[in-house]
Amino acid sequence: MTAVPHEVSSDTLTTPMGGQGSLEDYLALLKPRVMSLVVFSGVVGLVAAPGHVHPWLGFIAILCIAIGAGASGALNMWYDADIDAVMKRTASRPVPRGAILPGEALGFGLALAIGSVLVLGLLVNLLSAALLAFTIFFYVVIYTMWLKRWTPQNIVIGGAAGAFPPMVAWAAATGSIDAGSIALFLLIFFWTPPHFWALALFREGDYAKAGVPMLPNVAGRPETKKQILIYSALLLPVTALPLLTGTAGMIYAVGAVAMTLNFLVHACRVFKASTREAEDKLAKKLFGYSIVWLFAVLTLLLVEHSFNLPLFKALI
Amino acid sequence: MNTPAPKVPVQPFSPEDLARRKRRAAAMAIGLGLLVVLFFVTTLIKLGSGIMERTM
């Protein structure tokens with residue numbers, strides 16, 4: 001009988017041990033750039049909501065929304081590790097890189113998801129917690145597990161997940177779902193398809209390699225350009241919704257309409273592009289502008305509503 | 001004839017692994033501490049000034 005060593009080194013193991021991820025790796029699991037947009041749209045939802053919410057409770061709501069968004073990102077990276085490993089843009093993420101094991105990402109994501117919903121429900125209100133739970137479920141199960149690998153309309157329906165945060169924040173402030181919060185939801189919902197299809201145009205090869213049915217590699221580039229134009233045109237009436245619901249005023253009206261007309265100009269340029277190089281170049285420009293557009297439109301709402309904040313009123 | 005078992009390092013984790021583990025543990029401790037503060041402050045805020053006016 002041969003002796004069996006009591007201790008093993010990582011060199012002798014055939015399966016990864018885990019526990020190798022650094023804090024930076026875990027931070028990367030939270031998709032901090034996406035989280036920053038979610039936090040910003042949440043703050044706008046909170047400030048634009050009628051009535052007054054205690055600043056501390058507002059802070060907790062935004063914190064829970066941010067952690068919930070991070071949890072969604074971690075669960076997305078757990079499930080999509082196979083796709084991420086193939087795509088250039090995502091190959092260096094912690095799970096495909098081997099820094100964090102899929103099971104670790106799953107545990108981390110679930111703990112944060114459950115924790116954020118519980119804290120929001122216990123400390124703020126049940127409606128906002130229920131909406132946050134639904135948002136995480138929608139992003140992870142409906143979008144990541146189902147739509148993303150199944151239909152080129154993945155972005156259209158899945159876009160709802162990114163549009164919920166201002167509604168969650170609004171519910172945290174008011175305890176209800178109003179026309180105003182639905183208007184904010186629709187603003188982000190209709191922004192998502194042209195934003196991601198612009199990305200898909202100049203990253204078409206990546207998505208095709210990973211087998212993700214994005215519009216350019218399923219319906220073709222001309223159809224994608226047409227759909228970008230249609231959704232960009234739809235963005236114009238949707239931008240007016242916060243005005244109709246009384247959520248926005250003149251500052252927003254002037255700025256948002258000008259920004260959206262410029263969005264439409266960018267989309268027209270992509271539509272008219274005749275060569276592949278021109279399409280890629282203009283799609284990149286549209287993608288960049290779409291990010292600026294969302295931040296600008298939300299900032300306009302934020303600025304307008306900041307005039308109503310007690311701190312601002314005390315200053316003037 | 002029995003051949004002696006190959007000599008393996010006693011330490012299964014490298015010093016870098018242990019340093020990373022320590023940082024993760026510290027981050028978790030800070031997170032839990034902040035959670036306690038979050039609940040404590042929220043309780044005070046929700047009780048409001050009435051906390052000082054209760055009958056003993």
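**Close-up views of chain A**

**View 1. Ala74(A) and its contacts.** Setting aside neighbours within four places in sequence, Ala74(A) contacts Leu29(A), Leu30(A), Ala105(A), Phe108(A), Gly109(A) and Leu112(A). Two residues are in contact if their C-beta atoms, placed from the backbone, lie within 7 Å. The model is predicted: local features need pLDDT of at least 70, side-chain atom pairs count only at pLDDT 80 or more, and totals for chains, interfaces and linings use all residues. Residues are numbered from 1 along each chain as its sequence is written, while chains are lettered from A and ligands numbered from 1 in the order in which they are written.

**View 2. The largest nonpolar core.** This core holds 96 residues; Ala61(A) and Ala74(A) touch the most other members. Helix α10 (residues 179-202) of chain A gives the most to this core, 14 residues. A nonpolar core joins buried Ala, Val, Leu, Ile, Met, Phe, Trp, Tyr and Cys residues through C-beta atoms within 7 Å. Buried means that 20 or more other C-beta atoms lie within 10 Å of a residue's own, placed from the backbone.

**View 3. The bend in helix α7.** Helix α7 (residues 126-147) of chain A bends by about 30 degrees at Phe138(A). The bend is the angle between axes fitted to the seven residues ending there and the seven starting there. Helices are DSSP runs (H or I, at least four residues), numbered from the N terminus. Buried residues of α7(A) include Leu131(A), Phe138(A) and Tyr143(A). The buried residues of α7(A) pack against α3 (55-79), α6, α8 (154-163) and α9 (165-174) of chain A.

Key
Buried ≥ 20, exposed ≤ 12 C-beta atoms within 10 Å, placed from the backbone. Helix = DSSP H or I, 4+ residues; strand = E, 2+ residues; numbered from the N terminus.
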